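Work through the exercises below with the sequence and the 3D structure open beside you. Try each task yourself before you read its solution.

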Amino acid sequence: MSSAVVFAYSSVGCECLSVLIKRGVNIKLVYTHEDDPNEQQWFSSVYELAKSNNIPVRTDAPTVDAVKEAKPDVIFSFYYRAMIDMKILDLAPLGAFNMHGSLLPKYRGRACVNWAVLNGETKAGVTLHHMVARADAGNIVGQEAVDILPDETAHDVFMKIIPASGRLLGRCLDDILSGNAEGTPQDESQATKFGRRTPADGLIDWNKSAREIHNLVRAVAKPFPGAFTFHDGKKIMVWKTRVIDTETSSTPALLVKTHDGTLEIVEWEIV
């Protein structure tokens, strides 16, 4: 039976950890993060899942000695929020593999789904790839795409990403555990990278088109911090919008005319 050390967080972490448990992988140790009290906890707990399955779990910084003691054949990272030292990754003879929330080489980095929605993409997905010194740059073992519909929020898309990650890991697991998951190099000419988003990035620029503003709103809608604007010194959160054709709209609505289209403000609040 192959052994593994797993670095995981959030619902994707739980989904993929569950796949390993069901497939009988000997999970020697799980590293996860302590929840941030300032962050809305809308996702599942890797810590609780590991505990309920009697798997040793830690929330401190990983060390070479601790991982070496576990003697993993393979290392997995599923939505773990920190870079892992190559000295740790090199301890696994079958390799180290990460589940990334985009269709690499597009959208390397953080907040992949949020950025994809904000940029008006019609596809998102997950990529299982080898872990190397550079983030999200290793050989691709497998991918699964999901659709982004025009009015879906980032949370809607993320809920599709969760089961997709489990299906992808399930398809690739036998090859990984048998040492037959060399993968395919990424095309660096197609690579894009995006950084972490902060609540301040939700400020609406009304000079943008209706579609661009709509994309921002749905990219950061609940449970994320939200899009916002100011009026008469008050902060207004904009949680839901629609791009509409005013010529066919006959119901009363709060409409904003932009330089390129009309936006209906469907849900908002003054904070």
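**Exercise 1. Which residues lie nearest the centre of the largest pocket, and how many residues line it?**

Before starting, note that this is a predicted model, in which local features need pLDDT of at least 70 and side-chain atom pairs count only at pLDDT 80 or more, while totals for chains, interfaces and linings use all residues. Residues are numbered from 1 along each chain as its sequence is written, and side-chain values use heavy atoms, with hydrogens and water left out.

Step 1. A pocket is found on a 1 Å grid over the protein atoms alone, as an open set of points where a 1.4 Å probe fits, with protein on both sides within 12 Å along at least five of seven lines; lining residues have an atom within 4 Å of a point.

Step 2. The largest pocket has 44 lining residues, and those nearest its centre are Glu39, Arg81, Arg110, Ala111 and Arg196. Strand S5 (96-100), helix H5 (112-118) and helix H6 (154-177) are the elements that give two or more residues to this lining; helices (H or I, at least four residues) and strands (E, at least two) are DSSP runs, numbered from the N terminus.

Step 3. The space in the largest pocket is about 1,300 Å³, a volume being the space filled by probe spheres set on the points, which are joined across faces, edges and corners.

Step 4. Sorted by class, the lining has 23 nonpolar, 13 polar and eight charged residues, where Ala, Val, Leu, Ile, Met, Phe, Trp, Tyr, Cys and Pro count as nonpolar, Asp, Glu, Lys and Arg as charged, and the others, Gly among them, as polar.

**Exercise 2. In what order do the strands of the four-stranded sheet stand?**

Step 1. The order in this open sheet is S10-S11-S13-S12, and the pairing is antiparallel. Because strand S10 (227-231) and strand S12 (255-258) stand at the edges with a single partner strand each, one side of each is left without a neighbour in the sheet. From one strand to the next, the twist averages 50°.

Step 2. Strands S11 (residues 234-244) and S13 (residues 261-270) pair over eight antiparallel bridges; lysine 240 stands opposite glutamate 267 in S13, and helix H7 (residues 210-219) packs on the sheet, touching S10, S11, S12 and S13.

Step 3. Turn to S10 and S11, which pair over five bridges and form a hairpin with two residues between them, where aspartate 232 in the turn has a positive phi of about 55°.

**Exercise 3. Locate the cis peptide bond that joins leucine 104 and a proline, and say where that proline lies.**

Step 1. The bond joins leucine 104 to proline 105, with omega about 10°.

Step 2. Proline 105 belongs to the loop between S5 and strand S6 (108-109).

Step 3. A cis bond also runs from lysine 222 to proline 223, with omega near 10°, and proline 223 is placed in the loop between H7 and S10.

Definitions and conventions. Pairing = 2+ DSSP bridges. Axes fitted to C-alpha atoms, helices over the stretch in contact; angles between N-to-C directions. Contact = heavy atoms within 4.5 Å.
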